[in-house]
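Work through the exercises below with the sequence and the model at hand. Each task is followed by its solution.

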Amino acid sequence: MAKPLIVGRKEFAKIYNVAQTAVSDLWVPRGLVSYEDAAIVSGKPFWPGGLAVDFALPPGSRGRQLDETLLTELEKEQGATSRPKSKGELPPLVGLQEYGALFGVTQQVVASARRRGGEMLPAEDYLLSGSPLWMLSTVLDAASETMKHSRKGTWQLQEKVVEALREGRYDGPGSSIAARGNYGAKKG
């Protein structure tokens, strides 16, 4: 199976040699890129790699120029073999919040298990903008080991959450971007 190239805010900014805040503070408010085009995982946006590549302006023009060297490094780092252009082409993704919902535990419990290492959680498929991400298939492949290593059987796979993630209708913890600061304040 092809592993898709995915970019968070930091990776998006990096391949264009701009400040890490450019994506959320400049490009999104100006309508140049949209959160609607991103998969929202644990409250953060992650865009398909092909969309990020296509964001470049034509070579030689002023503005957004893709750094091909940094793009190649990112693809190598991720082991990415495809560049999807829409979020619908991405596999279901799981962050710490979704992982918790999948097993009926909190995000903090998942983060603690990840820090401890061992056999409780599989290695993340991505580490983007400081956040671990797994493909749902990776989580499900390791589910029996996760439950086996659970103290007192606390971690139990929630089939309803699995189906919601598979079908793209998950609306639990982490499924939306939390409003922050002045930009998050309701107007009017």
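Two exercises follow, one on the whole chain and one on a single residue.

The model is predicted, so local features need pLDDT of at least 70, side-chain atom pairs count only at pLDDT 80 or more, and totals for chains, interfaces and linings use all residues. Residues are numbered from 1 along each chain as its sequence is written, and side-chain values use heavy atoms, with hydrogens and water left out.

**Exercise 1.** Determine whether the radius of gyration of the protein chain agrees or disagrees with that of a compact globule.

Solution. Step one: take the radius over C-alpha atoms and apply the globule rule, 2.2 Å times the number of residues to the power 0.38. Step two: for 188 residues the rule gives a value near 16 Å; the protein chain has 17 Å, which agrees.

**Exercise 2.** Describe where Ser 150 lies and what Ser 150 touches.

Solution. Step one: locate Ser 150 in the loop between helix H8 (143–148) and helix H9 (159–166); helices are DSSP runs of H or I, at least four residues, numbered from the N terminus. Step two: classify Ser 150 as buried, because its relative accessibility is 9%. Step three: list its contacts (heavy atoms within 4.5 Å); leaving out residues up to four places away in sequence, these are Met 120 and Trp 155. Step four: follow the side chain of Ser 150, which reaches the backbone nitrogen of Thr 154 at 2.8 Å.

Terms used
Helices (H or I, at least four residues) and strands (E, at least two) are DSSP runs, numbered from the N terminus. Buried means under 20% relative accessible area, exposed over 50%, partly exposed in between (1.4 Å probe, protein chains only). A polar contact is a pair of N or O atoms within 3.5 Å; within protein, one must be able to donate a hydrogen and the other to accept it, and residues adjacent in sequence count only if both atoms are side-chain atoms.
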